[in-house]
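Please open the structure in a viewer and keep the selection tool at hand. The stops below are meant to be followed in order.

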Amino acid sequence: MLDAKLSRRGFLAGAAGAAAALGASGYLSYGAWEKAHAAEAEAEPQFAGHSACGGCYSKCAYSAYVRNGRLDKIVGDKEHAFGVGKPCARGYGWSQLAYSANRLTDPLKRRDDGSFEAISWDQAYQEIGDKIKEIIATSGPQALALVETGSVSMDFYVQRLFTALGCANMYRHGVACNLARNSGLLQTIGTGDFGADYGNAKAVMFIGRSFADGIRPVFVDEVKAARDNGAYLVMVDPRYNSSMGFCDEWVPINPGTDLAFILAMAHVVVRDGLEDKAFIASETVGFDTWAESLKQYTPEWAEKITGIAAADIERLAKLLAENAPAASIDSGWRAVTGCSYVNSGETARAIAAFNGLLGCWNKPGGALLFPSAPTFGKLDDPRFAAPPAVKEKKLGTKEYPVSLYSMVSANFLMEQVRDGNVRGIMFCQSNMVGGYSNPKILEEILTGAELSVDIDVQMTDTARCCKYVLPDTSFLERDDLPWSFSYTVPCLTLRSQVIDVIHPNTRPVHQIAKELAQACGVGQYFDFTLDELAEAQLNTLGLTLAEMREKGSISYPEKGVDFNAPIKWGTASGKFQFANEDMAKVGLTPDVNWIEPLVMPSGDEFRLIGGKQPIHSQSWTTDIPELIQITHDYDLTRIWMNAAKAAELGIADGDEVEVYNDLNSGKVRVKVTERLNPTCIWMPSGYGCNSPDLTNAYGVGLSFMSFVPFQRDPYYGATMSQEALVKVRKVGA
Ligand SMILES: Nc1nc2c(c(=O)[nH]1)N[C@H]1C(S)=C(S)[C@@H](COP(=O)(O)OP(=O)(O)OC[C@H]3O[C@@H](n4cnc5c(=O)[nH]c(N)nc54)[C@H](O)[C@@H]3O)O[C@H]1N2
Ligand SMILES: Nc1nc2c(c(=O)[nH]1)N[C@H]1C(S)=C(S)[C@@H](COP(=O)(O)OP(=O)(O)OC[C@H]3O[C@@H](n4cnc5c(=O)[nH]c(N)nc54)[C@H](O)[C@@H]3O)O[C@H]1N2
Ligand code: SF4
Ligand SMILES: [Mo]
């Protein structure tokens with residue numbers, strides 16, 4: 001199948017010169033590639049098909065144009081729900097991944113001394129397949145696990161492989177992203193996510209969410225629309241972040257204390273009878289319980305914890321209530337509600353509950369529940385029938401009974417690997433060691449695993465700890481399955497292969513999963529091609545593959561949010577839940593109450609907080625030369641420190657400092673600023689790559705997570721990535 005595809009796109013003929021330029025390693029350098037194609041001279045860029053950016057999980061669709069077989073330009077496809085025709089800087093940068101000199105080009109096996117040797121695909125499959133069969137025979141399929149967050153075909157094929165093996169242990173990156181938020185929201189509104197009708201809002205409060213740093217293009221457009229429409233935008237963030245360009249007011253809260261701030265605002269709304277009584281009566285349960293609890297959370301109480309004046313808390317609460325229902329608190333993503341604190345999940349519940357007081361759910365200008373994404377119908381062809389469902393639940397489900405099942409803690413899993421309960425682990429598009437918890441500890445656990453396999457495009461911190469590393473093609477070099485996106489206007493997208501495969505010994509992930517299945521004796525579940533499956537899926541929606549290849553994306557405005565339809569709450573009670581008895585299962589009260597952060601800085605300690613920069617995605621784009629150059633040009637690895645604190649410590653702007661705690665220490669330059677709460681240090685979260693093979697990223701900046709203990713919150717199992725304290729001293733002082 002693959003060969004047919006390559007010849008269809010003229011790879012074998014076009015790359016005859018390139019093949020001659022291959023080195024002994026089978027690796028074709030960018031320079032050699034350019035030389036081999038030089039003869040094709042100055043052609044006009046040609047439309048090569050629709051792709052979808054692989055630069056982060058938004059997967060913005062774009063049209064790709066090639067010249068002489070090489071990607072020349074990308075033009076955003078407007079119909080894509082998240083991309084809205086405007087790929088971000090990272091999207092342009094990551095489009096160069098295909099040509100990176102540091103890509104994985106061959107299957108690799110780790111030697112005992114930690115170095116790697118190239119092996120054949122046959123050897124890799126044979127050895128991995130034999131080991132998986134042995135583990136299943138002696139310990140059962142639950143002694144295996146998968147950590148994967150990728151494209152739709154990656155999800156489909158790799159998850160199908162694990163289901164076919166009889167294994168339920170499939171995890172994603174949520175433990176270090178949005179596990180606590182989505183689980184907390186699930187308990188209140190019956191789904192793990194919500195948005196807002198920004199364009200029609202009169203007031204929006206963002207709590208630790210920066211649309212201009214943690215970018216999804218549609219959000220940037222929406223916050224701009226809100227601004228243009230005259231909405232009052234409030235940013236609650238210890239740091240004056242890049243989104244302040246859109247905002248009216250900065251609330252520089254003490255990090256980790258947002259829950260107290262929201263509870264006090266709720267206190268004001270209920271004390272003054274400003275809540276939406278009709279919504280509460282018809283749509284909700286548990287209001288009376290919460291109203292009683294709220295009596296203790298006065299603005300004066302919250303002022304001492306949050307550092308925000310009681311008068312400001314009063315004013316902001318009333319601002320939101322007076323503008324309701326065209327007002328809401330944004331749901332956040334990673335920083336506050338997602339995974340950072342012991343109280344992150346309760347903060348998510350508090351935000352949803354506050355929006356319940358405002359009665360703004362699915363109201364113009366208010367908080368929005370997303371309509372379903374287009375779903376494919378049943379596929380009749382028996383070849384597509386799913387492998388038998390696995391009866392067991394994944395490890396960690398028992399320990400975290402109110403977690404969203406699809407997001408159960410991947411760090412709990414690593415403890416199972418450490419203790420030998422899980423003997424074989426596979427990663428796919430997941431750099432766990434680079435960012436799910438303390439890298440040193442994860443590295444130690446992973447290098448001790450009996451079997452570890454990583455499917456990636458580059459030698460990441462995780463890959464270098466694995467026994468086998470299998471090279472995927474880059475996203476531009478492979479087809480995908482049709483992709484459904486749920487948003488205020490849902491859409492369907494098809495990513496197509498737009499350039500030839502550059503490194504002949506890389507393989508698309510769906511092919512790797514299918515061949516691994518064959519090696520494990522479950523190949524019968526993969527008796528179809530990617531195109532056959534895509535065609536069958538699309539046919540159930542009255543579409544064809546040819547049509548989707550041409551269109552790339554289709555949006556469904558008629559399936560967008562219906563402001564007049566009654567809301568179907570997906571909760572156990574079928575209502576919006578201010579209180580929920582299930583929370584007792586993890587020792588929480590039914591309604592939301594204050595939980596102190598696990599650690600608080602005192603003396604010369606700072607809380608370490610982190611965040612995104614617009615030019616990098618997680619730990620994944622820093623090796624792209626064009627993107628890391630921006631880091632160097634603007635000195636973007638610097639930590640931020642409050643000016644008064646810096647003066648106390650004798651630190652000046654631009655000084656080199658040492659950041660340290662019991663777990664780690666590292667040197668970095670400092671940006672001294674008044675735009676940061678004095679109780680914390682802010683560190684950009686993308687740096688500190690520890691893999692020497694990634695020559696552009698290696699050793700640049702500090703790894704945020706290396707200062708964080710290997711820990712989990714007791715409720716949902718999230719990584720608590722900002723429950724960490726550090727000290728800072730001037731180097732040489
Ligand atoms: N240090 C640090 N840690 C973090 C974060 C951070 O900013 N910094 N952010 C947190 C957040 S919000 C999240 S969502 C998680 C994300 O956690 P992950 O989803 O694990 O994301 P990354 O850690 O960036 O790793 C993604 C991996 O996918 C690989 N990859 C990219 N494209 C392809 C492809 O086409 N095929 C294959 N096979 N692999 C591919 C990249 O090379 C990279 O190794 O990390 C969390 N942890
Ligand atoms: N450029 C870029 N964009 C991305 C990504 C990326 O890696 N890079 N990743 C995508 C993903 S997977 C995610 S999850 C989102 C993340 O999107 P966000 O959650 O918006 O991202 P962060 O930058 O981690 O955090 C946002 C802000 O929270 C602030 N903050 C930190 N601690 C606290 C606190 O205790 N209280 C308050 N109120 N604020 C606090 C930080 O200073 C930061 O400015 O971004 C998505 N978009
Ligand atoms: S937000 Fe940027 S990096 Fe993420 S998918 Fe879209 S264009 Fe790519
Ligand atoms: Mo994330």
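The model is predicted.

**Stop 1: ligand 1**

Select ligand 1 and display the residues around it. The shell holds 25 residues, and those that come nearest are Tyr57, Gly435, Tyr436, Asp456 and Ser685. Begin with Gly435: a polar atom of its backbone is 2.7 Å from a nitrogen atom of ligand 1. Next, show the side chain of Gln458, where a polar atom lies 2.9 Å from an oxygen atom of the ligand. The side chain of Arg478 also brings a polar atom to an oxygen atom of ligand 1, here at 3.0 Å. Switching to a surface view, one finds that ligand 1 taken alone exposes 910 Å², of which the protein buries 97%.

Colour the shell by secondary structure. At the level of domains, domain 2 (108-176 + 375-557) and domain 4 (606-730) each supply at least three residues to the shell.

**Stop 2: ligand 2**

Which atom of His616 lies 2.6 Å from a nitrogen atom of ligand 2? It is a backbone N or O atom. The backbone of Gln618 also takes part, with a polar atom 2.8 Å from an oxygen atom of the ligand. From the side chain of Arg334, an N or O atom is 2.7 Å from an oxygen atom of ligand 2. On its own, ligand 2 has 910 Å² of accessible area, and the protein covers 99% of it.

**Stop 3: the cavities**

Hide the ligands and turn to the space inside the protein. Rolling a probe the size of a water molecule over the atoms shows where empty space is left. How many cavities of 30 Å³ or more does the count give? There are five. The largest cavity contains about 90 Å³ of space. To find it, select Cys53, Cys56, Cys60, Cys88 and Arg90, which lie nearest its centre among its 13 lining residues. That lining divides into seven nonpolar, four polar and two charged residues.

**Stop 4: backbone geometry**

Finish with the backbone trace. Most residues other than glycine have a negative phi, and most peptide bonds are trans. Select Ala324 and Pro325 to inspect a cis peptide bond, with omega about 5°. Pro325 sits in the loop that runs between helix 14 (310-323) and strand 13 (327-329). Then select Val84, which is not a glycine and yet has a positive phi of about 40°. Val84 belongs to the loop between strand 3 (70-76) and helix 5 (89-94).

Conventions
Residues are numbered from 1 along each chain as its sequence is written. Chains are lettered from A and ligands numbered from 1 in the order in which they are written. This is a predicted model: local features need pLDDT of at least 70, side-chain atom pairs count only at pLDDT 80 or more; totals for chains, interfaces and linings use all residues. Side-chain values use heavy atoms; hydrogens and water are left out. A residue is near a molecule or strand if one of its heavy atoms lies within 4 Å of it. A polar contact is a pair of N or O atoms within 3.5 Å; within protein, one must be able to donate a hydrogen and the other to accept it, and residues adjacent in sequence count only if both atoms are side-chain atoms. Accessible areas come from the Shrake-Rupley method with a 1.4 Å probe; for residues, only the protein chains shown count as cover. Domain bounds come from an automatic or database domain assignment. On a 1 Å grid over the protein atoms alone, a cavity is a set of points where a 1.4 Å probe fits but cannot get out, and a pocket is an open set with protein on both sides within 12 Å along at least five of seven lines; lining residues have an atom within 4 Å of a point. Grid points are joined across faces, edges and corners, and a volume is the space filled by probe spheres set on the points. Ala, Val, Leu, Ile, Met, Phe, Trp, Tyr, Cys and Pro count as nonpolar, Asp, Glu, Lys and Arg as charged, and the others, Gly among them, as polar. Helices (H or I, at least four residues) and strands (E, at least two) are DSSP runs, numbered from the N terminus.
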